[in-house]
Number of protein chains: 2
Amino acid sequence: MIKNVVIIGAGNLATQLALALFEKGIQVKQVYSRKIESASELAGKVNASFTNNLAQLLPEADLYVIAVKDSAIQEVLENLKIDETQLIVHTSGSVPMSILDGFSNNYGVFYPLQTFSKTRRVDFSAIPICIETNHPSNMMKLEKLGEMLSSSVNQINSEERKTLHLAAVFVNNFVNHLYSIGANILHDKKLDFNLLKPLIRETAEKIEVLQPIDAQTGPAKRNDQNTINAQLKMLQDKPDFQKIYSFATESIFQLQQKHNHDLL
Amino acid sequence: MIKNVVIIGAGNLATQLALALFEKGIQVKQVYSRKIESASELAGKVNASFTNNLAQLLPEADLYVIAVKDSAIQEVLENLKIDETQLIVHTSGSVPMSILDGFSNNYGVFYPLQTFSKTRRVDFSAIPICIETNHPSNMMKLEKLGEMLSSSVNQINSEERKTLHLAAVFVNNFVNHLYSIGANILHDKKLDFNLLKPLIRETAEKIEVLQPIDAQTGPAKRNDQNTINAQLKMLQDKPDFQKIYSFATESIFQLQQKHNHDLL
């Protein structure tokens with residue numbers, strides 16, 4: 001059973017995961033970050049020691065969690081000096097588990113499918129945790145750890161995780177960007193973004209009960225060319241937004257047509 | 001004071017508005033719809049009479065609410081046979097108030113900024129109601145009515161309402177389409193859309209406390225070309241989604257650059 005961890009990274013995910021583990025009584029032995037201030041800051045919150053030197057990681061922890069940005073994982077691995085029997089996981093949606101092969105005999109992935117900020121606490125209990133391991137005995141360990149945090153622990157392989165991450169980019173990154181565009185459009189006309197918040201909430205809540213394809217409304221779905229053209233014209237000073245408007249409108253129409261056809 | 005209304009329309013918005021008014025003790029005298037079954041169905045829910053003939057609208061109601069799709073408003077107006085002192089409003093985000101000019105001396109707009117479905121009840125108390133009238137005395141009447149339904153009643157002119165509606169298309173229609181794309185991507189790989197729901201909820205909730213531009217995360221913001229290229233490749237069989245991915249990614253990057261520049 002995993003009773004203590006070393007957290008490698010001190011970014012958004014590392015921070016929220018360390019806090020959640022700490023609160024569940026898992027000991028965070030050490031926090032590593034390239035920046036000593038970041039390591040120190042997070043370590044302070046979870047009662048851990050800290051370092052900015054990968055050669056100085058504590059040698060015996062039940063689990064080493066690599067929670068750095070994707071492009072830094074390889075470098076972390078190459079500088080890691082831990083015994084090859086130690087259990088290591090990374091937490092990335094898009095990096096295959098196989099990147100860990102050769103660095104330890106016991107490895108896996110522990111991917112919480114959520115968006116994290118450093119300062120905003122999230123409720124881990126509803127976060128799907130996607131787990132993959134190189135060996136069933138490691139699977140049991142990670143499952144137990146996952147179940148301490150969340151009621152949704154899922155065995156997901158690297159291919160599936162890549163697909164989930166791609167879908168997550170659409171429903172989180174791109175959705176948030178649409179919120180930014182909405183805010184930007186209102187800001188230019190001195191209108192209050194708060195006016196959109198109930199709509200944003202309802203849009204997200206609606207799909208708890210309706211399939212998104214059935215929840216679709218608006219000019220694109222109705223193929224209401226008058227409104228579409230008028231709105232494209234309103235965006236003439238914002239070619240970026242105009243392009244997104246065009247392609248989203250076209251794509252909504254296509255997907256609805258396909259959906260109606262599939263229902264026949 | 002408005003004590004009773006005639007509802008012209010029986011679609012999503014007409015249905016939810018009629019139900020909300022009925023529950024607050026406003027009498028719904030009559031429901032009109034082109035389709036008699038739709039008129040009858042809604043009328044049954046709010047204890048109203050119904051008709052599919054605009055010439056047979058009851059002659060004396062405190063308010064006539066046109067809640068039909070934008071493209072049908074003109075036709076409704078031309079066939080309306082009511083006294084020109086009667087108060088008429090439409091409920092559209094993108095149609096200017098001036099469309100009502102000439103059909104009555106007392107007119108306005110009563111636009112609830114929300115997405116409606118026929119079957120899903122919404123909580124009106126948080127919905128921003130955007131009001132415009134041709135005369136202050138009508139403004140007072142509509143404000144009172146709005147305040148019976150919601151704590152957010154706002155004087156918004158036709159230009160502003162058009163801007164709000166445009167922004168609403170981004171944060172509702174396009175956002176929902178991104179949910180559909182997410183669902184579609186998972187469906188193809190037999191993955192459960194429920195895995196994305198906590199992320200979707202958190203994405204919407206995060207902007208209650210953060211500006212969307214500050215809540216942005218992901219490969220586009222980090223300009224992580226490896227992930228971006230890998231994900232574009234995963235979408236090679238879905239050129240529509242691929243286009244949206246490209247433009248959204250480019251647009252996120254641009255907006256972040258601009259934002260960082262503005263902060264300097």
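Me: Is Glu202(A) buried or exposed?
Reply: Glu202(A) has a relative accessible area of 7%, so it is buried. Buried means under 20% relative accessible area, exposed over 50%, and partly exposed in between, using a 1.4 Å probe and protein chains only.

Me: Before more numbers, what am I looking at, and how is it labelled?
Reply: This is a predicted model, where local features need pLDDT of at least 70 and side-chain atom pairs count only at pLDDT 80 or more, while totals for chains, interfaces and linings use all residues. Residues are numbered from 1 along each chain as its sequence is written, chains are lettered from A and ligands numbered from 1 in the order in which they are written, and side-chain values use heavy atoms, leaving out hydrogens and water.

Me: Back to Glu202(A). Which residue forms a salt bridge with it?
Reply: Arg120(B) does, with the closest N and O atoms 2.7 Å apart. Arg120(B) sits in the loop between β6 (106–112) and β7 (129–133) of chain B, and Glu202(A) in helix α6 (residues 197–206) of chain A, so the pair joins two chains. A salt bridge here is a side-chain nitrogen of Lys or Arg within 4 Å of a carboxyl oxygen of Asp or Glu. Helices (H or I, at least four residues) and strands (E, at least two) are DSSP runs, numbered from the N terminus.

Me: What about Glu202(B)?
Reply: Glu202(B) meets Arg120(A) in a salt bridge, at 2.8 Å from N to O. That pair also runs between chains, from helix α6 of chain B to the loop between β6 and β7 of chain A. Both Glu202(B) and Arg120(A) are buried. Arg120(A), Glu202(B) and Glu205(B) are linked in a network of salt bridges.

Me: How many salt bridges cross the interface?
Reply: Six are found between chain B and chain A. One of the salt bridges in the model joins Arg201(A) and Glu208(B), at 2.5 Å from N to O. Over all chains, the whole structure has 20.

Me: And what is the side of chain B that touches chain A made of?
Reply: α5 (158–188), α6, α7 (212–215), α9 (225–234) and α10 (239–263) of chain B each supply at least two residues. α5(B) gives the most, with 26 residues. By type, that side has 45 nonpolar, 25 polar and 14 charged residues. Ala, Val, Leu, Ile, Met, Phe, Trp, Tyr, Cys and Pro count as nonpolar, Asp, Glu, Lys and Arg as charged, and the others, Gly among them, as polar.

Me: How much area is buried between the two chains?
Reply: About 8400 Å², of which carbon and sulfur atoms give 69%. Buried area is the accessible area (1.4 Å probe) that two parts lose on being put together, summed over both. In contact terms (heavy atoms within 4.5 Å), 84 residues of chain B touch 84 residues of chain A.

Me: How are the two chains related?
Reply: Chain B can be laid on chain A by a turn of 180° and a shift of 0.0 Å along the axis, with an RMSD of 0.0 Å. That is the relation of a two-fold axis. The copies are superposed by least squares on the C-alpha atoms of residues with pLDDT of at least 70 in both. In chain B, the C-alpha nearest the axis belongs to Val175(B), 2.7 Å from it.
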